[in-house]
Amino acid sequence: MNRQYTAYLEELLTFFPCVAIIGPRQCGKTTFLKELPSDWTFFDLEKRADYQTITRDPDLFLRLNPSKIVIDEAQIAPELFSALRVAIDSDRNTKGRFIITGSSSPSLLKNVSESLAGRIGIIEMAPLSFAEVSNIQKVTFFDLLKNSGPKANDLLELSVTNTVSASHEYWLHGGYPEPWLSKNSRFREQWSEAYFRTYVERDVSRLFPGLNFVRFKQFVQMLAGLSGSIINYSEIGRDIGTSFLTIREYFEIAHGTFLWRSIPCYHKKVSKRIVKHPRGHLRDSGLLHHLLKLKDLNSLLSHPQMGRSWESVVIEEILRGLSCRGISHDYSYYRTHAGAEVDLVLEGAFGLMPIEIKYTQSVDTRSLRALTEFVEENGCPFGIVINNDESVRKLTDKIIGVPFLAL
């Protein structure tokens with residue numbers, strides 16, 4: 001099973017002395033890096049021997065190991081970052097010397113920004129995408145975005161690969177490698193339960209020792225019900241008996257540790273009154289469905305949150321596809337006080353691209369009024385509807401329907 005980050009990693013190693021790979025625990029960072037050529041040496045700071053070897057004297061360690069070094073879970077040793085800066089600056093012109101990884105972006109990015117700014121490239125790695133579990137080799141939607149701003153005719157050339165049953169299996173189970181590869185439902189359940197326990201009791205407690213963990217655990221359990229919705233910090237604070245500021249901090253922690261994705265509202269060149277609260281979702285559909293106690297596809301398809309869950313898995317597939325290719329982008333959502341909504345708005349060198357997400361195979365063009373108005377008001381060449389159709393097709397003059405299986 002090939003990860004789609006390989007080409008981007010190789011590119012960044014030609015640009016920077018050091019590359020950081022950040023992402024949630026158990027998303028596959030270590031396994032991915034074990035595929036590096038044999039001249040790379042691997043150290044894991046969660047192993048006592050490796051930790052002592054590096055932290056005893058980080059400057060001396062990097063003098064003895066000046067190149068082709070991978071340091072896993074680098075955020076565990078903050079003193080390493082200043083030593084990396086010294087080592088890099090001693091031979092600034094040599095690229096591709098170090099790779100570091102981290103499972104907790106707040107502390108890692110703080111150290112990177114303070115010590116290694118301008119010296120390091122960053123890859124945000126996610127769990128497996130559907131394209132990765134399908135091992136699809138073809139020109140993709142994301143290739144079109146990377147090469148240039150795609151034309152409507154380019155999109156119409158995309159073809160559907162794989163089956164709708166395969167995409168639904170991925171949607172149900174999510175993208176974390178271990179539960180995805182296992183066919184045992186009991187293992188998946190136990191793995192997900194252990195993941196949440198480790199996330200709260202180990203990862204978050206290590207990063208934020210002053211946090212009220214009883215209340216934060218209660219907050220994490222609420223996230224399934226909030227996934228896919230517009231977030232009002234004050235209302236959530238009243239529900240669990242805490243302040244607006246505390247709830248906002250909890251969401252920042254959940255987003256920064258890759259459990260939750262906060263999506264800001266789109267507010268550029270908008271002539272109408274818009275909703276300014278952020279929207280958000282749990283990043284992995286398998287973890288979401290575990291919290292909702294959905295164990296099979298029939299339960300998912302009949303659940304009140306089915307639509308929100310489908311929107312979230314599509315958004316994650318799109319954002320993962322952009323990130324693994326190093327395509328710079330901003331993402332947001334759009335909603336007016338009158339209820340007009342666009343699920344995802346992408347902006348980058350490829351232009352402004354509004355995307356609506358539908359679960360159905362056929363799309364009633366009357367439901368696309370908000371998307372059509374957004375396209376017209378912002379001068380977009382076209383808008384996109386991601387659905388479960390059997391082929392790419394033009395729905396209107398300015399709206400193109402792209403099946404999830406054609407991404």
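A charge is said to sit over a ring when NZ of Lys or CZ of Arg is within 6 Å of the ring centre and within 35 degrees of the ring normal. By that rule R279 lies over the face of Y333, at 5.9 Å from the ring centre. Likewise, the charged end of K183 is placed over the ring of W180, 5.7 Å from the centre of that ring.

The model is predicted, and local features need pLDDT of at least 70, side-chain atom pairs count only at pLDDT 80 or more, and totals for chains, interfaces and linings use all residues. Residues are numbered from 1 along each chain as its sequence is written, and side-chain values use heavy atoms, with hydrogens and water left out.

Rings also pair with one another: those of Phe, Tyr and Trp (its six-membered ring) form a pair if their centres lie within 6.5 Å. The count comes to 23 aromatic pairs. One aromatic cluster is made up of Y199, F216, F219, Y233, F244, Y250, F251 and W260.

H329 belongs to strand β9, residues 329-335; strands are DSSP runs of E with at least two residues, helices are runs of H or I with at least four, and both are numbered from the N terminus. A polar atom of the H329 side chain lies 2.8 Å from the backbone oxygen of I327. Beyond neighbours within four places in sequence, H329 is in contact (heavy atoms within 4.5 Å) with L319, L322, S323, E347 and F350.

A cavity is a set of points on a 1 Å grid over the protein atoms alone where a 1.4 Å probe fits but cannot get out, and its lining residues have an atom within 4 Å of a point. There are 7 cavities of 30 Å³ or more. Of its 20 lining residues, P24, A126, P127, F258 and R283 are the closest to the centre. Helix α18 gives the largest share of this lining, 4 residues.

The second largest cavity has a volume of about 110 Å³. Its lining includes Q4, F130, K138, E317, R325 and L407.

Conventions: A polar contact is a pair of N or O atoms within 3.5 Å; within protein, one must be able to donate a hydrogen and the other to accept it, and residues adjacent in sequence count only if both atoms are side-chain atoms. Rings of Phe, Tyr and Trp (its six-membered ring) pair if their centres lie within 6.5 Å; planes under 30 degrees apart count as stacked, over 60 as edge-to-face and the rest as tilted. On a 1 Å grid over the protein atoms alone, a cavity is a set of points where a 1.4 Å probe fits but cannot get out, and a pocket is an open set with protein on both sides within 12 Å along at least five of seven lines; lining residues have an atom within 4 Å of a point. Grid points are joined across faces, edges and corners, and a volume is the space filled by probe spheres set on the points.
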